[in-house]
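Okay, thanks for making time, everyone. Let me put the thing on the screen and then walk you through a few spots.

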Amino acid sequence: MSYTTILTETRGRVGLITLNRPEAMNALNGTLLSELMAALSAFDADDNIGAMVITGSERAFAAGADIKEMAEASAVEMLAGSFVESFDGIRKIRKPIIAAVSGYALGGGCELAMSCDMLVASETAKFGQPEVTIGVIPGAGGTQRLTRAVGKALAMEMVLNNRTLSAAEALQYGLVNRVVPVERYLDEALALATEIAGRAPLAVRLGKEAVNKAFELSLSEGLEAERRAFYMLFATQDQKEGMKAFVEKRKPDWKGY
Ligand code: CO8
């Protein structure tokens, strides 16, 4: 499929999506969002892909929702449209998604990065929710995911007063997995994705699901869901193969079922 606002390619078992609106700092407009969700869904459905990476440019991962597109919208148009709803599609993706972030990750860009499962940042990455400076608030999970990631005090400062986080601060507060020099952030994200894509696919899928449940359920419900998934994996060939390979001191040969 050909897209106009993103680039897609595969690197081994990794699907790479590059946001590609350099003229607008990769601002997320309606077209980009629907193309991004289509590309994620296509990789998710492809048995040859085990993980995905979303990246932008060195200068900007994404500078937020497209302000020019939204500026004249009415509340009714926003409500009737499916702008944020289409963004929500990322929650339905079953395979792991890693954000490779350099430069600005602001507003919807920060929300997109936080919607991924892991985050690799370049030393130049800058995270923020500047919506208050244009008279609104985050609309795609910023107030919720940021607060869960960095805690209430800092989230309040970011949402109410446009406090931005450097890459080092993002690492310190647990928003990102690792920070590397700008020349290496994409390779690092691809290497991480490649490692995960080489693991037992169903274990990875259920592991992602189970960790995400920690944000939605009570502890006892989460533990129950985890245990069911754990037991269910004993119905897979890959569990038999993984444990047999351990006993036989060899590398497992995953089948994906
Ligand atoms: N929307 C549209 N265009 C943008 C955006 C944006 N968010 N950000 C940058 N651009 C455009 C600029 O207008 C400019 O275009 P032009 O040359 O035609 O004027 C071009 O990109 C380059 O930008 P600058 O000249 O401003 O570059 P600087 O290096 O001076 O500044 C900044 C870079 C700091 C990133 C600056 O552009 C900026 O502050 N951008 C806006 C950041 C922002 O406020 N983001 C929040 C937007 S609101 C939001 O995200 C709400 C999310 C709600 C749900 C989202 C669901 C997806």
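Predicted model: local features only at pLDDT ≥ 70, side-chain atom pairs only at ≥ 80, totals over all residues.

Numbering starts from 1 along each chain as its sequence is written, and side-chain values use heavy atoms, with hydrogens and water left out.

K208 sits in helix α10, residues 201-213; helices (H or I, at least four residues) and strands (E, at least two) are DSSP runs, numbered from the N terminus. Its side chain reaches the backbone oxygen of K95 at 2.9 Å. If you skip residues up to four places away in sequence, K208 touches I93, R94, K95, P96, I97 and D117, where contact means heavy atoms within 4.5 Å.

Now the ligand. There are 26 residues around it, and the closest are R59, A63, A65, I67 and G108; the criterion is a residue heavy atom within 4 Å. For polar contacts, think pairs of N or O atoms within 3.5 Å; within protein, one must be able to donate a hydrogen and the other to accept it, and residues adjacent in sequence count only if both atoms are side-chain atoms. A ligand oxygen is 3.0 Å from an N or O atom in the side chain of R59. On the backbone side, a ligand nitrogen is 2.9 Å from a polar atom of A63, and a ligand nitrogen is 2.9 Å from a polar backbone atom of I67. Taken alone, the ligand exposes 1100 Å², and the protein buries 68% of that; those areas are Shrake-Rupley with a 1.4 Å probe, and for residues only the protein chains shown count as cover.

What supplies that shell? α2 (67-70), α4 (83-87), β6 (104-106) and α5 (108-115) each put in at least two residues, and α2 gives the most, with three.

On to the strands. Four of them form an open sheet in the order β4-β6-β8-β9, with mixed pairing; two strands pair if DSSP finds at least two bridges between them. The edges are β4 (60-62) and β9 (165-166), each pairing on one side only.

β7 pairs in the parallel sense with β5 (residues 97-101) over four bridges, and A99 has L119 as its bridge partner in β7. Three bridges also join β7 to β10 (residues 178-180), again parallel, with V180 in β10 as the partner of S122.

Last stop: T164, in the loop between α7 (152-161) and β9. T164 is partly exposed, because its relative accessible area is 27%. Leaving aside neighbours within four places in sequence, T164 is in contact with K126, F127, G128 and E169. And T164 and A235 are 71 residues apart in sequence and 47 Å apart in space, C-alpha to C-alpha.

Conventions
Buried < 20%, exposed > 50% of the residue type's maximum accessible area, 1.4 Å probe, protein only.
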